[in-house]
Structure formats: structure tokens, C-alpha cells
Amino acid sequence: MLTKLFVTVCVAALLCIVCIRNGEKTDGVIRGFVEKNIEALLMGVVVFLACYVRVKLLDYESGDYVYYEQWYEYLKAHGGIAGLKDDIGNYMEGYMLFLALLTYFPVKLLYGIKVFSVLFDFLTAFLVQKMVRGYFIGNYNRMIANICFAFTLFVPTIIFNSAYWGQCDSIYTFFLICSIYCYGKEKWNLVFICMGCAFAFKLQAIFLMPLYLVLYVKDKKFSILKFGLIPFTYFIWSIPAYFAGKPVSKIIQMFLSYGTGTTTGLTNSFNNLYTLVLSKDENVNHYIRVVGVTLTLILIVCSMAVFVKIKWEADLYKLITVALYFVILITYFLPGMHERYLYIGDVLCIVWWVMSRKRELWYIPSGILMFSLLSYMRYITGVWHGDEWNILTEINGLVSVVYFFFVIKTLIILYQELKEKELIENRQEERNAI
């Protein structure tokens with residue numbers, strides 16, 4: 001033991017002597033290494049800090065974890081994948097398959113579900129980085145892309161959703177972002193395969209369906225049969241459940257009726273239009289929901305008609321613009337929204353603002369992220385869920401009113417971003433004619 005210690009001390013002393021005698025040379029090597037690898041080193045620090053923050057949150061058990069644990073224990077007791085034949089839980093087939101596979105590994109359930117979602121935090125950030133880097137041309141494209149990567153990883157709602165809450169919104173969001181990216185690359189099959197993967201984890205993937213319906217009519221670049229890849233991909237995820245004995249009717253029912261898993265009230269902690277309406281009368285809520293759904297459908301259809309009519313090139317920036325438009329529109333006007341349903345908007349708004357090259361529009365992503373975080377805080381802190389009037393309901397009502405004007409302003413700006421292209425082209429045509 002003493003011999004090993006002596007040898008270690010001698011080696012350390014020798015290294016110190018070498019460094020002292022060759023200080024300038026050593027400094028040159030260090031500086032050269034840092035200068036050559038500065039980007040990789042900074043990205044390494046970002047990844048380390050992002051991991052560190054998330055690791056600190058892994059031990060928290062949310063209210064939703066109780067349900068995950070129940071489903072997990074049931075699947076484990078019934079043979080893992082074999083247990084998928086039974087109608088348990090209200091999550092889509094992709095996530096239930098993940099829980100079933102998790103039963104075969106000696107990992108703590110809480111860590112397993114959170115690490116899986118955190119993995120998609122990083123995948124989404126890498127995809128955002130890739131999209132931004134490919135969009136910009138010049139010396140600063142890498143720097144801008146790296147900043148977007150870092151910012152995406154440290155958005156509070158993204159951290160809360162996966163590492164703290166243990167939710168899986170990062171998973172379907174990754175596939176939705178990937179779908180938009182593939183459209184920009186004109187890889188039509190992958191566009192709808194990614195959409196199908198998103199549906200396999202969350203029905204909220206439907207928020208982007210208006211975008212692709214508009215593109216189908218306007219761009220005329222892909223067949224309507226491509227939409228069939230969405231349910232086809234979803235059923236690919238359902239194959240283990242099918243071979244375990246789950247009837248096709250049950251698989252289809254889950255795909256079509258997942259909405260029963262959302263809140264039966266008008267809103268669940270999300271500061272949208274229905275925060276202003278409080279009622280314990282289920283009949284009143286029912287009629288308001290019907291009116292709200294009808295209003296939302298009308299707004300979606302009218303917006304789609306406008307986007308089909310005006311001229312705009314379906315580049316990556318315009319695709320993100322329209323996608324963000326529909327996400328904001330639907331989450332604000334559709335009843336039954338949970339606090340985390342704007343998650344995809346949290347990611348899209350960052351990419352949109354950077355690609356817009358308009359610093360003066362900083363308040364758009366700031367507002368979206370702030371209102372999204374306020375909704376999270378309502379749930380996480382247990383503040384008012386709509387049972388009775390008090391000062392907190394007045395505050396939330398005020399937030400909802402402010403958010404209403406913000407939504408209208410944002411939707412107008414997003415529309416103008418598309419319209420701007422048509423105005424430029426019209427002016428160019430007029431100049432050519434002269």
C-alpha cells in the first residue's frame with residue numbers, strides 16, 4: 001500500500017516538474033485545445049447542466065405517478081406485454097407498450113418513466129438545433145443553432161414536464177417536430193409515419209392535422225393516401241397488444257375516444273377562454289363544451305380556407321408559422337384543455353422567433369412560455385382548480401383575459417408573416433410589369 005502511494009506521489013511530482021519547466025509549451029497546448037474545441041466544450045457544459053437540473057427533480061412523485069404505478073404493477077403481474085390484452089389505463093398504445101417493456105428491466109419505475117421522457121427532451125433539442133442550423137446560411141448559423149439547443153433544454157415547462165412531473169409530452173412533440181422537418185425535406189412517407197408515432201403516444205398530435213390538410217390542398221405534392229400512414233403506423237405500435245389478445249375494436253376505440261381521458265370540465269388548470277366560466281352544473285358545462293367545440297371547428301375551418309387561398313411558400317419557417325398558429329388557436333378556444341397541452345407551442349415558438357429574424361417580436365415566445373408556465377404553476381402548486389370563487393379565481397380570470405388579447409395579437413402576426421410573402425411577390429410582379 002505504501003509502495004503504491006510512494007509511486008503515485010513520485011509520478012505527480014514528476015508531472016509538476018515537467019509542467020513548470022515547460023509551462024509555456026503546456027499553456028500553448030491547453031489554449032490550442034480549448035480554441036479548437038470551444039464549441040464542443042460549451043455544448044458539453046450545457047448538456048451537463050441540463051442533466052444536473054433534471055437529476056435533482058427525479059425523486060418527486062406527482063399525482064399522475066400513482067396511475068403509472070398501478071398500470072405498471074398490473075402489467076408486471078400479468079406477464080408484461082401479455083398484460084396489454086386487457087383494457088387498462090387511458091394512455092395510447094405506444095406509452096402502454098413502453099410501460100410493459102419496462103417491467104422486464106430491473107429499474108425503479110419512477111426513474112424509468114422520467115428518464116425516458118428526459119431522453120426525448122434532448123432529442124427534441126438536437127432536432128431544433130438541426131433545423132435552425134440548416135435554415136440559416138452564414139458564419140453564425142452554428143452559434144444560433146447551439147443557442148436554440150441550450151434554450152430549449154432550459155425552458156421551465158420542458159424541465160417540469162419530464163423530470164419533475166414524469167409526463168410524456170416530450171415524446172409526441174419530438175415526433176411532431178420531426179414530421180415538420182421531414183416535410184421541409186420532402187420526405188412524404190416519413191412525414192406521416194412520424195405523425196403516426198406521435199399519435200401512438202398522445203392524441204394531441206391532432207393539433208397539427210389542419211396544417212397537413214392545408215398543405216395537401218395547397219401544395220399538391222403528396223397523395224391523400226399518405227394520410228393512411230398515420231393509422232397504419234399507430235397500429236404498428238399496437239401489434240404487441242394485438243398478439244397479446246387485445247381486440248382490434250379496443251385498439252380502434254382507444255385511438256378514436258382518447259378524448260374521454262381529458263378533463264370533463266371546461267378546462268384543467270389551463271388559462272384559456274374557459275377559465276372565465278365556472279359552474280358546478282354539469283348540464284351547463286355540457287352546453288358550453290358543445291358551443292366551444294363548434295366555435296373551435298369554425299375557427300379552424302375558416303383559418304384553413306384562408307391559408308389555402310393566400311400565397312405562401314411552404315419552407316421550414318412558414319410550416320412552423322402555420323403549425324404554431326393552429327396550436328395556439330386550438331388550445332385557447334377548445335374546451336377540456338390540460339395545463340400541459342401547449343407544450344408543442346413552447347418548442348415551436350422558440351424556433352419560430354429565431355427563424356423570423358425579427359427581434360422586435362420577442363414578446364411572442366416570451367408570452368407563450370410565460371402563460372404556459374402559469375398554467376403549470378396552477379397545477380403543480382395546487383392553486384385553484386375551479387371549485388369556487390375567491391381571489392385566486394379573480395387573478396386567473398385576469399390572466400385569461402390578458403392571454404385572450406395576446407392570442408388574438410399573436411394569431412394576427414402569424415397570419416401577417418404568411419401574407420408578407422404574397423405582398424412581396426405582388427410588388428415584384430408589378431415592378432416587372434412596369
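Let's start with Glu186, which is partly exposed, at a relative accessible area of 44% (buried means under 20%, exposed over 50% and partly exposed in between, using a 1.4 Å probe and protein chains only). This is a predicted model, where local features need pLDDT of at least 70 and side-chain atom pairs count only at pLDDT 80 or more, while totals for chains, interfaces and linings use all residues. Residues are numbered from 1 along each chain as its sequence is written, and side-chain values use heavy atoms, leaving out hydrogens and water.

**Salt bridges between loops and helices**

- The salt-bridge count comes to 8, taking a salt bridge as a side-chain nitrogen of Lys or Arg within 4 Å of a carboxyl oxygen of Asp or Glu.
- Glu186 pairs up with Lys221 in one of these, at 3.3 Å from N to O.
- Glu186 sits in the loop between helix H9 (169-184) and helix H10 (188-199), and Lys221 in the loop between helix H11 (209-219) and helix H12 (229-237), so this pair ties together parts 35 residues apart in sequence. Helices here are DSSP runs (H or I, at least four residues), numbered from the N terminus.
- Lys221 is partly exposed too, with a relative accessible area of 43%.
- Lys250 and Asp87 make another salt bridge, their closest N and O atoms being 3.7 Å apart.
- That pair links distant parts of the chain, 163 residues apart: Lys250 is in helix H14 (residues 248-256), and Asp87 is in the loop between helix H4 (63-77) and helix H5 (93-102).
- Lys250 is partly exposed, at a relative accessible area of 32%.

- Glu417 and Lys358 form a salt bridge with their closest N and O atoms 2.7 Å apart.
- Glu417 belongs to helix H19 (residues 391-433) and Lys358 to the loop between helix H17 (343-356) and helix H18 (363-380), so the pair joins parts 59 residues apart in sequence.
- Both Glu417 and Lys358 are buried.

**How H3 and H6 pack**

- Helix H3 (residues 38-55) packs against helix H6 (residues 109-135) at an angle of about 150°, with the axes 11 Å apart.
- H3 and H6 are therefore roughly antiparallel (the label for angles over 145 degrees, on a scale from 0 to 180 degrees between N-to-C directions).
- On the H3 side, the contact (heavy atoms within 4.5 Å) includes Met43, Val47 and Ala50, and on the H6 side it includes Val118 and Phe122.

Conventions:
Helix = DSSP H or I, 4+ residues; strand = E, 2+ residues; numbered from the N terminus. Parallel < 35°, antiparallel > 145°, perpendicular 65-115°, else oblique.
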